[in-house]
Amino acid sequence: MSKAKVGCSIKDIITVASTKDLLNQELAKQVRTAYNRIEDRGVSACLFGSGGTCCRICNMGPCTVIDGVDSMIGVCGATASTVVARNFARIVAAGTAAHADHAREMVRGFIETAKGKTPHDIQDVEKLHSMAETFGVEIEGRDKNDIALELGEKALAEFGQQEGTLSMLKRAPEKVQEMWKEQEIEPRGVDREVVEMMHRTHMGVDQDYKNIMKQAARCSLADGWGASMLSTELTDIMFGTPVPRRALIDLGVLKEDQVNVTVHGHEPLLAESLCMAAEDPEILELVKKVGAKGINLAGVCCTGNEILMRRGISVAGSFINQEMVLATGAVEAMVVDVQCVMQSVAQVVKGKHTDIITTNYRAKMPDAVHMQFEEDNPLGSAKAILSRAVKNYKNRGEMYIPKDQKFDIVVGFSHETINNMLGGRFRGSYRPLNDNIINGRIKGVGAMVGCEHYKYSDDVHFKIAVELLKNNVLVLATGCAAQALGRAGLMRPEAAAKYCGEGLAEVCETIGMPPVLHVGSCVDNSRLLIALTAMVKEGGLGDKISDLPACGTAPLWMSEKAVAIGQYFVSSGAHVVFQNLPVTGSKEMTEYLLEGMKDDFGACWAVSEDPVKIAGKMIAAIDEKRDLLGINKKQDRVLFDMEMRRDLDAGGTGQAVTGMGCGHK
Ligand code: NFS
């Protein structure tokens, strides 16, 4: 695998055609990007930092600790395992905090919506009722806004809850809930777990790496099953649960003759309001006035995923493309909120007509324009932002859009979509998926999630996915990983015939689904937890998440959020492979993460830098589960005759998947 070395050439790591094309243009050569900074780096990464053994928790240090060397422990006596565990746990706490603060904003927006104070509405009433049940909110004879208000207030209270457990935990399979109880890691309140994690990793508090990791597990569960899942569900209720739609991805979605506004960050409240404002007659009038043919909203990063999933709005780029999007010179404004926004974006647009507009009081940056997104006037804020962007259009200078670079994708695979698509419109069910796993057409499920960065070549996701598909592993993807796979052409139904093993290709072709399913943003990794739970509940594949032939990876993880995600998957029983983890400085911590956690949670982490090996580890983990379930036997393929087909068809559309043309006995 190409890995960026100190002073390496960017040619080693760029495979995305639009990036290559753009960087070859004079216009882009004037701009300094992350690729230049990677090339120019004069020093190699600090080994203590990479291995997790640099302790900066108190002012007696910084202490650089070497495992097993008595003279190289912390001044306070902290050993390598304590230092590494504390650093790792703080990463989990930071990631959880990011998801939790995002979720809190969504709950607050949900409450405002229930009060009728936003332009949004309660759209998915079925999901509202299901969430109301989870939170013990009465639904009989009540207006949807009434229910939503009580639900929102109860949900908000769980952020600051001090005792008890989070309501959303009840959504997990029973055996998983029992395991959490046994391990004493049920989160009590979302914020409490982050605060306790920070306290326990303060100097001189928790100095037992396993005990620290126990709290890291509890904290991460507050993220996955608490904050993230809550955010996803309430967002769906407000903006609609995603259904399959076609869309486009890559720099070519920018338009020469339109006002291009890119939305970057994570909060769908802002993005949804911008979508509504873009259709406002006042804005459209302004667009006409400046001589543009329209207003073109395009997404970047996970905000991109949110509006892509729910509205089919094109994505201009993922995390690694954010500077490229601006280097085109074709963007009037990049509207950002929180998370994954590189500070360099404000530098890339220096001397250009483009505005970087920050919108959240938590996230400002020098050289950007700040226009606060007012929660009590979302449409007004969005219109003000768009007016500014539209006025920039006439100042547009030199530009270059790699026009041929836009790829078709099919997106919108929420848990409900998967349920209905596989089980049939009238009786959604995971039965056909479970059956196809049991009969061996599908070997298992591989989740590809998380970020991208500039240390490795940018085709890592593609290489892993291709291996998985070849081995009949259905791929579910979220975050920037999903965007990378979409850009690589794997989110089109036609990709099934090209990349999948026979069994998976057959299933995909019958349903007409792509072999890689876009499940949503990073917060929507909670949809994967829901899907795994549905597979357990459907029966036939064990009674815990750790029994399922499923495995996840975040091969190009960059953000702390990705580590929190990995930790909540492992703590829920799902095996996870990362390209590296900052724990190598402690033998005990490394062994605990890569093996020991299995005893506690039924799953553990794994690491590999090579994409083919990552896929290999995932497949091995899936095969191990298949062996344990006793379903790894080679089965004879049997052709279905017409009568058998008729019998199956009589059972409803759902059976079409398991009963296609031929089957296994
Ligand atoms: Ni996830 Fe989304 Fe992308 Fe990574 Fe950042 S945008 S929340 S953290 S980089 S996938």
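Aromatic pairs in the model

Colleague: Which residues form one aromatic cluster?
Modeller: Phe 88, Trp 557, Phe 578 and Trp 605 form one aromatic cluster. Bear in mind that this is a predicted model.

Colleague: How many aromatic pairs does the structure hold?
Modeller: Eight aromatic pairs. One of them joins Phe 88 to Trp 605, with 5.8 Å centre to centre and 85 degrees between the planes, an edge-to-face arrangement.

Colleague: Where in the chain do Phe 88 and Trp 605 sit?
Modeller: In distant parts of the chain, 517 residues apart. Phe 88 belongs to helix 5 (residues 80–114), and Trp 605 to strand 16 (residues 605–607).

Colleague: Is Phe 88 buried or exposed? And why?
Modeller: Phe 88 counts as buried because its relative accessibility is 0%, and buried means under 20%. Trp 605 has 1% relative accessibility, so Trp 605 counts as buried as well.

Colleague: Switching to Trp 180 and Trp 225: why is the pair edge-to-face?
Modeller: The planes of Trp 180 and Trp 225 are at 70 degrees, so the pair is edge-to-face; the cut-off for that class is over 60. The ring centres of Trp 180 and Trp 225 are 5.4 Å apart.

Colleague: Which helices does that pair link?
Modeller: Trp 180 is in helix 8 (residues 174–183) and Trp 225 is in helix 10 (residues 209–239). The two residues are 45 residues apart, and the pair links distant parts of the chain.

Colleague: Trp 180, then: buried or exposed?
Modeller: Buried, because Trp 180 has 0% relative accessibility. Trp 225 is also at 0%, so Trp 225 counts as buried too.

Note on methods: Residues are numbered from 1 along each chain as its sequence is written. This is a predicted model: local features need pLDDT of at least 70, side-chain atom pairs count only at pLDDT 80 or more; totals for chains, interfaces and linings use all residues. Side-chain values use heavy atoms; hydrogens and water are left out. Rings of Phe, Tyr and Trp (its six-membered ring) pair if their centres lie within 6.5 Å; planes under 30 degrees apart count as stacked, over 60 as edge-to-face and the rest as tilted. Helices (H or I, at least four residues) and strands (E, at least two) are DSSP runs, numbered from the N terminus. Buried means under 20% relative accessible area, exposed over 50%, partly exposed in between (1.4 Å probe, protein chains only).
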